[in-house]
Amino acid sequence: MNPRVILSTAIIGLGLIIAAVPQNTTRPYKVDASQLLVEIKNGQQFINPEEVADMLVQNDPSIQLIDVRNPDEFNSFSLPGAINIPLESILLKDFEDILNQDTKTNVFYSNGTLQANEAWMLTRQIGFKNNYVLMGGLNYWVESIANPQKPSNSSANEELARYNFRLAAGSALGTGSSEGISTETKTNTSPLTPAIPKIEKKKKKPVAGGCS
Amino acid sequence: MGPLAPNEIITENTNLFLAFIVGIGFGFILEQAGFSSSRKLAGVFYGYDMVVLKVFFTGAITAMLGLLFFSLFGWIDLDLVYVNETYLYSAIVGGVIMGLGFILGGFCPGTSFCGAAIGKIDAMLFVVGLFIGVLIFQEGYPLWEGLFKAEYMGTPRVSESLGLSYGLFALMLIVVAVGMFWVAEWAEKKFPREEY
């Protein structure tokens, strides 16, 4: 047979197959259990309260706080700028645009870290990125940012710097005590920049290309 | 799994390196298909040689089928594959300029480099013209910025505008392409040229 006829038939056949099968709508990028375990072990999902407070104080538009507690708890107390997505509704289609995106850093929080962690695990497992968990939850937030414990005078400089930062952030966010900012750092170097490990942000970007 | 670079399976630099290899392959295929001859390329406008149409349509439907099957097997996430944004007026005006240049010069940008690489003087002149065009565009940018950015449409796909699934549209395109191949071969017999 004419090779052109064979080729034409083959390619039309492939076209028929692709037209007949349903479009693949499953997300091929998923995290498998072992990868998830590695991430959990490293605590990759946690974000420091200081870092969150810093971003909030600076009105950083790239942070989105997500309260995963129930609406009653959310209404009685929430962090500034937070939205409420209760854990039960985390898989609803309505919230996919918020949870699965490239631009913002989502931070889940609950009273402790249990619910927030569950929210993170669920979203991580379906392949969503840029979601994090507020380390220590609201309890630790209230303890550290809203009512920081004054370190003893003999503490390291970083301790004092962190304390000053927390006081400043707490009062700026309206959740802190009215105590003045301590000036007791030994060398008084930039008290507002505590040593916080930076979270590595990974962004998916399509590769530009083209031809002619 | 794929696309490899956005999913960070390979780094940006590896990606560039692969692009370099693929680019060399592309140039090789162009030259091997005879695309470094402007007479052969111009044949598509006169009907005596339709190799341009055949090669590019074959490339398009092969890549299309490949992507759709890869997506079906879960090897690539089509949502992450880059699609050129459509600026409607830019596309039309640019298409007309490119088409005119193609008829006048007998090359398109890729094939002109191909021709220049094997020492064709007309192709080298075409490349010079290409850079003059780039310079004019660049220096006159404020003049045509409005037109350049007008009618931004995002990344519309023909299948979406028609309300068809990717697969059905692919089948239609394949049928059209195969039909076109037969018409092209008929045209080559109808308007033959001995030496070109």
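Tutor: Buried means under 20% relative accessible area, exposed over 50%, and partly exposed in between (1.4 Å probe, protein chains only). This is a predicted model, where local features need pLDDT of at least 70 and side-chain atom pairs count only at pLDDT 80 or more, while totals for chains, interfaces and linings use all residues. Residues are numbered from 1 along each chain as its sequence is written, chains are lettered from A and ligands numbered from 1 in written order, and side-chain values use heavy atoms, without hydrogens and water.

Student: Is Phe35(B) buried or exposed?

Tutor: Its relative accessible area is 0%. Phe35(B) is therefore buried.

Student: How is the pair of Phe35(B) and Phe56(B) arranged?

Tutor: Phe, Tyr and Trp rings (six-membered for Trp) pair if their centres lie within 6.5 Å; planes under 30 degrees apart are stacked, over 60 edge-to-face, the rest tilted. By this rule there are 11 aromatic pairs over all chains. Phe35(B) and Phe56(B) lie 5.7 Å centre to centre with 55° between the planes, an arrangement that counts as tilted.

Student: How many residues apart in sequence are the parts that this pair ties together?

Tutor: Phe56(B) sits in helix H3 (residues 51–72) of chain B. Phe35(B) lies in the loop between helix H1 (12–32) and helix H2 (38–46) of chain B, so the parts are apart in sequence by 21 residues.

Technical notes. Helix = DSSP H or I, 4+ residues; strand = E, 2+ residues; numbered from the N terminus.
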